[in-house]
Amino acid sequence: MKQIDILIVGAGISGAVLAERYAAIGKKVLIIEKRDHIAGNCYDYLDANGILVSKYGAHLFHTDDEQVWEYVNQFNDWYPWEHKVIARVDDKSVPIPVNITTVNTLFNEKIENEDQMQRWLDSNRIAIEQPSNGEEAVLSKVGPVLYDKMFKHYTKKQWDKYPSELDAAVLNRIPVRTNYDDRYFSDKYQALPQGGYTKIFENMLDHPNIEVLLNTDYFEVKDQYTGYEKLFYTGPVDRFFDFKHSLSEKLEYRSINFVSETIDQAFFQENSVVNYPGQEVAFTRIVEYKHFGNQVTDKTTIVKEFTVDEGEPYYPVPNAKNQAIYERYQREAEQLKDIYFVGRLANYKYFNMDQAFKNALDLFYSLETPIQAVEPR
Ligand code: UDP
């Protein structure tokens, strides 16, 4: 068997960053990946209609972190893309995050400036000093009417929980705007990789010191790979420990059932992502991929997202109960020598892409001294 210094389970963001960094300091890296492709949930490809689609849902990169932005720019060219989301509410299309246009459209208001918008919010919101869950977070920002129309049922569909059963942080991902800004994010850098995310991973992993073993379940082969210096595990944390701390109460994850359709017309909807926050449909949103990068094709591909319990885990479910279960695993993980848990599933954290890059880079630099760790390629 070939010598391996660094064994990595999973070829998503965390695994690819660690592989790239360790290969750069001369370590021999093996990545074991269960799926038949690299790039984790960022994986994208050209579909039968010639449209670049993401297999596991739209991925919109945004960051305020200079180090992460510099890092990702080494592996591809990026073009500016400020993501916008439309929500279909009461048969109207409105911007989300809530802004002046949202309120004017839904309530026939004539708000024209930030002061008026602030007054509207103040007269609707419920003053809650320290929101302790997602419902309180939304009520304290926009009040009960918008809560019902835009957040309550979307959240139930997404998590199979009402906002009151989730951490405030989940709903606080969505800001409220007192102006006309209709961008989903407000970070300094908002961009998409030219030709897709998969290319980035190909470039990160294109190094003589890196070998990738696809279609391989680590748990089926782990006895064959033992002589490593360090193991980085990026899969679900409970799986690593054979679910031993969650036999009576499961550590919850949400999965998504992506239902793809070809529509024989140039465009299906006015925007890349249209959310359906109401109860009239079971899916949360429809993504029309050809909007990203303004792709030109005769037909279009749309993907409806139905969030489900069973299936590949995509989202940890942030609330106190799951956090308590996770912490039992975390305590055990911390006892292990030379084994590191990293990423959304292994850290049970609802990381955005840039946070996943940052977290993996930070881990690398915390383990390797700056002298050993050469600057990024
Ligand atoms: N959310 C909502 N209505 C929306 C959009 C989001 O209630 O139209 C809530 C919902 O609970 C969702 C959370 O805000 O899970 C975070 O939304 P985000 O778009 O960040 O979710 P992601 O894109 O990660 O699925």
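Please keep in mind that the model is predicted.

Let's begin with the whole chain. Its secondary structure comes to twelve helices and 17 strands. The radius of gyration is 22 Å, close to the 21 Å that the globule rule gives for 377 residues, so the chain is as compact as a globular protein of that length. Of the 377 residues, 40% count as buried. Contacts across the sequence are well represented too: taking the contacts with a separation of 6 or more, 72% come from residues 24 or more positions apart.

Next, the domains. The domain assignment divides the chain into domain 1, made of 6–79, 192–248 and 317–367, and domain 2, which covers 85–172. Between the C-alpha centres of domain 1 and domain 2 there are 33 Å. Where the two meet, four residues of domain 1 are in contact with six residues of domain 2. On the domain 1 side, the touching residues are three nonpolar and one polar, with no charged residue among them.

Now turn to the ligand. Which residues are the closest to it? They are Phe 151, Tyr 154, Thr 155, Arg 173 and Asn 275, out of 13 residues that surround the ligand. Two elements give two or more residues to this shell, namely helix H6 (144–159) and helix H7 (168–172). Helix H6 gives the most, with five residues. By class, the shell holds nine nonpolar, three polar and one charged residues.

You will find Val 94 in strand E8, which runs over residues 92–96. Is Val 94 buried or exposed? Val 94 counts as buried because it has 23 C-beta neighbours inside 10 Å, and the cut-off for a buried residue is 20 or more. Leaving aside residues up to four places away in sequence, Val 94 touches Ile 86, Ala 87 and Val 89, and also Thr 101, Thr 102, Thr 105 and Leu 106. For a sense of scale, compare the position of Val 94 with that of Tyr 340: the two are 246 residues apart in sequence, and their C-alpha atoms are 44 Å apart in space.

Technical notes. Residues are numbered from 1 along each chain as its sequence is written. This is a predicted model: local features need pLDDT of at least 70, side-chain atom pairs count only at pLDDT 80 or more; totals for chains, interfaces and linings use all residues. Domain bounds come from an automatic or database domain assignment. Two residues are in contact if their C-beta atoms, placed from the backbone, lie within 7 Å. Ala, Val, Leu, Ile, Met, Phe, Trp, Tyr, Cys and Pro count as nonpolar, Asp, Glu, Lys and Arg as charged, and the others, Gly among them, as polar. A residue is near a molecule or strand if its C-beta atom, placed from the backbone, lies within 6 Å of it. Helices (H or I, at least four residues) and strands (E, at least two) are DSSP runs, numbered from the N terminus. The radius of gyration is taken over C-alpha atoms; the globule rule is 2.2 Å times the number of residues to the power 0.38. A residue is buried if 20 or more other C-beta atoms lie within 10 Å of its own, exposed if 12 or fewer, and partly exposed in between; C-beta atoms are placed from the backbone.
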